[in-house]
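Colleague: I have just opened this one and have not looked at it before. Could you walk me through it?

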Amino acid sequence: MRLTCTINGEPREVDGVWEGESLLYVLRERLGLPGSKNACEQGECGSCSVYLDGELACSCLILAGQAEGREVVTVEGLASEDELHPVQEAFLEAGAVQCGFCTPGLIVATHDLLRRIPEPSDPEIREALAGNLCRCTGYEKILDAVRLAASRA
Amino acid sequence: MTTVVGTRSGVGESVRRPDGIPKVKGEFAYASDLWADRMLWGSTLRSPHPRAKIRSIEIAAALATPGVHAVLTHEDVPGRKTYGLEIPDQPVLAWEDVRYQGEAVAIVAADHPETARAAARRIEVDWEVLEPLTDPERALDPAVAPLHPSGNLLRHVHIEHGDPAAEGEVVVTGEYEVGMQDQAFLGPESGLAVPSEDGGVDLYIATQWLHVDRDQLAASLDLEPERVRLVLGGVGGAFGGREDLSMQVHACLLALHTGRPVKMMYGREESFFGHIHRHPARMRYEHHATRDGRLVAVRARVLLDGGAYASSSTAVCSNAASFAVGPYDVPNVRVDASVVYTDNPPCGAMRGFGAVQTCFAHEAQMDKLAVALEMDPVELRRRNALSTGSILPTGAPVRCPAPVAELLERVRDMPLPGPRADGGDLPGGVAGVTRGEGVVRGVGYAVGFKNIGYSEGFDDYSTARVRVSLAADGEPFAEVHSAAAEVGQGLVTVQAQIARSELGVERVVVLPADTQVGSAGSSSASRQTMMTGGAVYTACRAVMELLRERGDAPLEELLRDGPVEATREYHHRETFPLDANGQGDAHVTFAFAAHRAIVDVDVELGLVKVVEIATAQDVGKAVNPQAVEGQIEGGIAQGLGLALMEEIVVVDGQVRNASFTDYLIPTVLDMPPVRLDVLELGDPDAPYGLRGVGEPPTISSTPAIVSALRAATGQALTRVPVRPDDLAGL
């Protein structure tokens with residue numbers, strides 16, 4: 001099938017999509033956008049988090065066809081090529097990145113949190129990021145990063 | 001993937017990761033992100049049975065599937081048909097026998113991953129299903145038919161020290177169990193194999209040790225090692241789970257067979273079947289002490305379930321024995337540790353490597369002994385603490401700093417967290433029903449240690465090549481090349497920091513890790529900062545020596561005569577095997593940590609909120625303090641997981657929870673704040689006094705949490721992970 005949607009602000013058209021493919025697969029394997037990660041592919045880990053029409057979503061749980069005509073923003077779309085979004089900058093500075101496989105999903109989820117709640121409390125941060133698994137950091141530096149990004153907003 | 005580091009910072013500073021920017025932008029190339037022109041996708045057919053005979057494998061229907069380019073079985077493995085880290089006992093593709101559920105039987109290459117998976121389902125295997133051997137105790141019974149010709153006992157380590165029959169005035173005994181934990185790295189097993197013009201293969205792979213992968217690949221592919229070239233693909237965590245081969249041989253076989261690049265990438269379910277796990281353990285302990293709290297004797301029996309294939313089981317068993325009594329001075333010891341083959345999933349390396357299992361048991365015993373002696377549990381541990389010069393049960397002296405008593409004092413003296421802040425912090429979280437009634441706070445302590453680097457005579461050296469030249473703008477510029485696997489821990493940062501400090505050159509590039517330089521050994525055993533750090537340090541020193549031979553002038557001038565390069569190996573102190581009584585100078589050096597856990601338990605519902613973990617750890621030298629903290633906090637999270645939630649449930653040899661829906665790892669709601677105290681007591685034998693960091697946080701955090709749970713509930717809690725039923729006394 002053919003999929004037409006807007007990805008990171010640009011209209012895209014993809015041909016030859018198999019109906020069983022997820023949005024995550026199309027992003028990674030057909031559009032050259034591997035920033036959304038494939039850690040569980042069943043909506044448990046949040047590594048594939050994207051915006052779908054402005055709503056935070058796990059792209060592994062969205063069939064490619066469901067994205068037809070809609071607007072998708074991935075981690076690659078948060079800042080221009082040579083720039084870092086303040087959330088990305090905060091993750092680097094706080095040491096919130098180790099293996100980094102969870103990082104793109106956490107960046108998108110944090111971006112969404114700070115958009116909704118610019119100065120979140122610790123329980124609000126924890127609740128908002130509870131759908132994003134990280135196996136390396138123990139989350140301490142991720143919390144530091146979110147607090148840092150919020151303090152600079 | 002070449003990385004340029006633009007900061008000035010050297011050893012001892014919290015330098016930013018050179019791979020950090022691509023990682024936060026989603027541009028870092030993990031092994032699962034790789035792509036090549038004309039690339040095919042590989043898929044694996046795995047055994048649904050834990051034990052069966054293969055009567056026949058029929059591939060015609062699979063091969064006839066449109067889009068399928070190859071279907072291969074054991075008959076297509078040109079070289080050695082088995083592999084393994086210590087004993088090559090695991091079939092690349094099974095023939096005749098399968099010994100665990102999930103064993104690889106056949107592989108498919110197709111133009112779409114779903115086509116490959118569908119074709120794999122069309123392979124017809126005629127199985128003769130057999131009764132699996134799943135009880136490790138039964139595996140020891142000589143009357144039971146062995147899984148392998150060598151018998152079911154994979155290794156037995158016997159340690160005898162002092163008078164093993166010595167008796168104390170106060171005796172406590174206990175039996176303990178540790179469940180099967182998974183590394184649960186987030187980046188699934190993945191690699192891209194590309195056939196090369198010389199008939200060999202290039203493999204871009206997420207692994208922990210490129211050279212040991214290469215040697216196993218060369219043997220099974222029947223190629224000279226020079227024609228098997230490996231490049232490290234981005235690694236999404238490892239924790240021991242990438243020491244063994246997974247899809248490496250399969251992808252190379254398919255690539256060589258089809259003449260096209262082949263990518264293999266496991267999903268989460270397949271990942272649970274595609275790598276080894278932490279050994280489940282059953283342990284029986286007997287502690288003897290004087291009335292004033294001096295340990296007289298410890299006797300321990302440890303049984304580890306190795307599962308179907310050897311992996312690193314023999315070394316895990318040796319470690320479990322070596323560290324069985326914990327970081328204590330014990331004059332009389334008898335330990336018998338065994339690891340056996342069963343039809344359960346194969347087990348091998350995971351962070352802590354044998355020391356995790358026995359630490360859970362010896363620390364439970366120390367608490368039990370403290371109760372019997374009516375003594376403070378920290379005081380009992382302090383009184384028996386190992387120190388430099390102590391003689392270990394293996395007869396070897398402790399040469400390095402061993403601040404066991406100090407670490408315990410430091411965690412004991414840290415301020416205690418206040419009472420619960422608000423309802424959201426109660427056990428059960430926002431979904432909990434208690435408003436504080438039935439919630440009891442508990443405090444628990446534990447201390448542990450383990451070896452850094454490989455033991456028992458193994459020379460796990462590392463190699464580094466350092467080259468200094470003038471960049472186009474006339475500034476000095478250094479390149480560091482090693483085969484060391486960056487798995488997330490920050491090794492690329494550390495290598496650059498050491499080069500900057502030793503060379504005085506700001507601009508340092510860490511080249512991609514590959515097999516075009518000598519072995520770096522494994523990113524395992526908390527060893528890489530010491531070993532590859534040591535190799536970079538030594539190579540830098542050699543470069544400086546060569547530069548000095550050019551005269552005494554600024555670097556920029558000396559380099560006008562051309563670049564200077566040196567390749568050096570770093571070897572640690574020689575170690576020796578354990579003898580029949582478990583005696584021998586088997587370990588290079590040790591790392592120590594202590595933990596204090598504070599928990600709130602809803603004793604009626606068995607729900608837990610870990611309030612805080614405090615830890616003190618000696619790291620020798622914190623090359624990058626922020627990365628050290630990250631290692632400690634992350635290691636504690638894995639220890640918390642083992643204490644409270646993480647277990648691969650295996651029933652009759654069948655894995656029941658191969659997904660992140662059913663195998664739970666800690667989320668940000670489960671992890672408490674961590675209070676940290678990092679000591680830097682340098683190791684006398686290593687550059688900068690370097691020692692390991694990564695594993696100690698995972699060793700004693702688990703028993704500290706369980707100790708706190710016991711304090712809160714009064715339950716015995718002899719098994720991890722602790723379940724709500726155990727806490728509620730059901």
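**Where the chains meet**

Modeller: In this predicted model, 47 residues of chain B are in contact with 42 residues of chain A, where contact means that the C-beta atoms of two residues, placed from the backbone, lie within 7 Å. Residues are numbered from 1 along each chain as its sequence is written, while chains are lettered from A and ligands numbered from 1 in the order in which they are written. Because the model is predicted, local features need pLDDT of at least 70 and side-chain atom pairs count only at pLDDT 80 or more, whereas totals for chains, interfaces and linings use all residues.

Colleague: Which elements give two or more residues to the side of chain B that touches chain A?

Modeller: Those are α1 (20-25) and α15 (625-644) of chain B, and the largest share, 7 residues, comes from α15(B). Helices (H or I, at least four residues) and strands (E, at least two) are DSSP runs, numbered from the N terminus.

Colleague: And what is that side made of, by class?

Modeller: It has 19 nonpolar, 19 polar and 9 charged residues, with Ala, Val, Leu, Ile, Met, Phe, Trp, Tyr, Cys and Pro counted as nonpolar, Asp, Glu, Lys and Arg as charged, and the others, Gly among them, as polar.

Colleague: Changing topic, how many helices and strands are there in chain B?

Modeller: Chain B has 17 helices and 31 strands. Its radius of gyration, taken over C-alpha atoms, is 26 Å, close to the 27 Å that the globule rule gives for 730 residues, so chain B is as compact as a globular protein of that length; the rule is 2.2 Å times the number of residues to the power 0.38.

Colleague: Where does B:P346 lie, and is it buried or exposed?

Modeller: B:P346 lies in the loop between β19 (332-341) and β20 (347-348) of chain B. B:P346 is buried, because 27 other C-beta atoms lie within 10 Å, and the cut-offs are 20 or more for buried, 12 or fewer for exposed and partly exposed in between, with C-beta atoms placed from the backbone. Leaving aside neighbours within four places in sequence, its contacts include B:Y100, B:I276 and B:Y309.
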